[in-house]
Amino acid sequence: MHNNIAAAAELLRTGGTVAFPTETVYGLGADISAPSAISKIFEIKQRPTDHPLIVHFADMSQLQHWAKEIPESAWKLAEHFWPGPLTLILQRSNRIPTTVTGGQDTVGLRIPNHPIALDLLKKLGTHTAIAAPSANRFGRISPTTAAHVYDELGGTVGMILDGGACEVGLESTIVSFNNDTPTIVRPGGIPPDALADVLNGQIILANKNNLAVRTPGTHDSHYAPTTPLEACSSEHITQHSLELAAQGLRIVVITWSNYMKDIPLNENISRFCMSPESHAYGNQLYATLRQFDREKFDRILIETPPSSPNWLAINDRLQRASHL
Ligand code: TXA
Ligand code: MG
């Protein structure tokens with residue numbers, strides 16, 4: 001693991017891959033103008049090649065270089081939230097190769113809010129950008145530290161830049177403009193009401209019926225640990241923990257509320273308490289799931305979080321991670 005950003009930029013320029021920190025999760029980057037590096041990303045992640053990659057760049061003035069027909073609402077969101085955990089799906093300009101977009105005419109674009117990511121982009125130069133999916137194997141939990149990237153992708157990545165733990169810890173919010181009204185196709189680091197405030201309420205949440213955009217990877221079982229994960233309401237979690245333990249299962253119970261104190265100490269039950277505050281919870285979530293995945297429990301039992309808008313991305317990821 002390294003901190004040599006100039007060497008990382010040089011590696012990208014010569015067709016290598018670099019994992020780097022962003023404020024959301026670590027990305028696995030390649031220069032969009034290096035076709036062999038783009039194919040390496042799909043190989044390393046074992047990801048189907050029709051799944052589009054997010055293109056990262058450093059400066060608002062480049063937006064029109066990478067996208068065309070940019071709607072007014074997209075400009076408003078970009079000006080308000082970039083750099084930050086927001087990805088806009090826009091019509092791609094012909095400077096974006098279709099290998100990056102999974103063959104689609106749209107491209108996901110984002111200016112990340114992390115000094116290392118921004119420095120890397122600046123050193124690479126203004127006429128190119130970095131395509132970067134999350135730096136995990138297809139279908140697994142996104143990495144939020146350099147050590148997570150190393151554990152999962154090890155020697156397959158050209159270089160890993162270490163920027164410590166990611167501040168947001170969940171992926172960016174993705175907004176599409178394919179519908180008449182801007183549509184959140186993946187909840188993420190920016191809560192829906194913050195977006196709605198900027199657009200005077202003119203934004204909707206995608207569901208099966210209004211989805212006019214193809215977003216591979218946002219609907220399948222995703223973001224999953226290998227240990228079966230089950231969500232359980234606060235009211236039932238104590239009782240359910242005891243039932244599972246009585247069946248002889250070794251479980252870890254992850255809570256956020258004070259129901260924790262009722263869960264008994266038991267040789268089959270481990271307990272872990274998360275923050276009751278959504279930002280801190282989101283920031284801890286993936287690292288916590290990875291940690292307990294390594295400890296080979298029979299099941300991870302997780303207390304269902306609150307349903308308020310700030311918890312939307314967390315509830316979305318937990319739903320996808322649930323095997324039960
Ligand atoms: O926070 C993030 O967004 C992180 C960091 C590294 O920036 N990146 C990330 O990338 O989560 P990835 O590839 O793991 O997830 C990107 C999602 C995929 O579900 C993909 O289908 C969707 O974005 N996506 C990207 N470009 C798209 C496009 N042109 N049309 C529809 N969906 C797109
Ligand atoms: Mg991903």
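These questions and answers walk through a predicted model.

Q: What is the strand order of the open sheet of four strands?
A: The sheet is open, and its strands pair in parallel. From one strand to the next, the twist averages 20°. The order is 12-15-13-14.

Q: How many bridges join strand 12 to strand 15?
A: The two strands run parallel, and strand 15 spans residues 299–303. One of the bridges pairs Leu-229 with Ile-300 of strand 15. The number of bridges is four.

Q: What angle does helix 8 make with strand 15?
A: Helix 8 covers residues 237–246 and packs on the sheet. It touches strand 12, strand 13, strand 14 and strand 15. Its direction makes an angle with that of strand 15 of about 170°.

Q: At what angle does helix 9 run to strand 15?
A: Helix 9 is made of residues 278–294. It lies across strand 12, strand 13, strand 14 and strand 15. Its angle to strand 15 is about 160°.

Q: Is Glu-152 buried or exposed?
A: Glu-152 sits in helix 6, residues 146–153. Its relative accessible area is 14%. The cut-off for buried is under 20%, so Glu-152 is buried.

Q: Which residue has its backbone nitrogen 2.5 Å from a polar atom of the Glu-152 side chain?
A: Leave aside the neighbours of Glu-152 within four places in sequence. Its contacts are then Asn-136, Arg-137, Arg-140, Ile-141 and Arg-290. The backbone nitrogen at 2.5 Å belongs to Arg-137.

Q: How many of the 10 residues of helix 10 are buried?
A: Helix 10 runs through residues 312–321. Its buried residues are Ala-313, Ile-314, Asp-316, Arg-317, Leu-318, Arg-320 and Ala-321. Strand 10, strand 12, helix 9 and strand 15 are among the elements that cover them.

Q: Which cysteine holds the sulfur closest to that of Cys-273?
A: A disulfide needs sulfur atoms within 2.5 Å. The closest cysteine sulfur to that of Cys-273 is 15 Å away, too far for a bond. The count of disulfides in the model is zero. That closest sulfur is in Cys-232.

Q: What is the relative accessibility of Cys-273?
A: Cys-166 is buried, with a relative accessible area of 3%. Cys-273, by contrast, counts as partly exposed. Its value is 41%.

Q: Where is Pro-83 found?
A: The peptide bond from Trp-82 to Pro-83 is cis, with omega near -10°. Helix 4 spans 72–81, and strand 5 spans 86–92. Pro-83 is in the loop between helix 4 and strand 5.

Q: What is the phi of Lys-296?
A: Lys-296 lies in the loop between helix 9 and strand 15. It is exposed, at 60% relative accessibility. It is not a glycine, yet its phi is positive, near 55°.

Q: What is the relative accessibility of Asn-200?
A: Asn-200 also has a positive phi, about 50°, although it is not a glycine. Its place is the loop between helix 7 and strand 11. Asn-200 counts as exposed, at 65%.

Q: How far apart in sequence are the parts tied together by the pair of Phe-57 and Trp-82?
A: The model has five aromatic pairs. In this one, the rings are edge-to-face, 5.6 Å centre to centre, with 90° between the planes. Phe-57 is in the loop between strand 3 and helix 3, and Trp-82 is in the loop between helix 4 and strand 5. The pair therefore ties together parts whose separation is 25 residues.

Q: Which residues form a cluster through ring pairs with Trp-256?
A: The rings of Trp-256 and Trp-311 have centres 6.1 Å apart and planes at 45°, so this pair is tilted. It links the loop between strand 13 and strand 14 to the loop between strand 15 and helix 10. Ring pairs join Trp-256 into a cluster with Tyr-281 and Trp-311.

How values were computed
Residues numbered from 1 in each chain as written. Chains lettered and ligands numbered in written order. Predicted model: local features only at pLDDT ≥ 70, side-chain atom pairs only at ≥ 80, totals over all residues. Heavy atoms only, no water. Pairing = 2+ DSSP bridges. Axes fitted to C-alpha atoms, helices over the stretch in contact; angles between N-to-C directions. Contact = heavy atoms within 4.5 Å. Buried < 20%, exposed > 50% of the residue type's maximum accessible area, 1.4 Å probe, protein only. Polar contact = N/O pair within 3.5 Å; in protein donor to acceptor, adjacent residues only side chain to side chain. Phe/Tyr/Trp six-rings, centres within 6.5 Å; stacked < 30°, edge-to-face > 60°.
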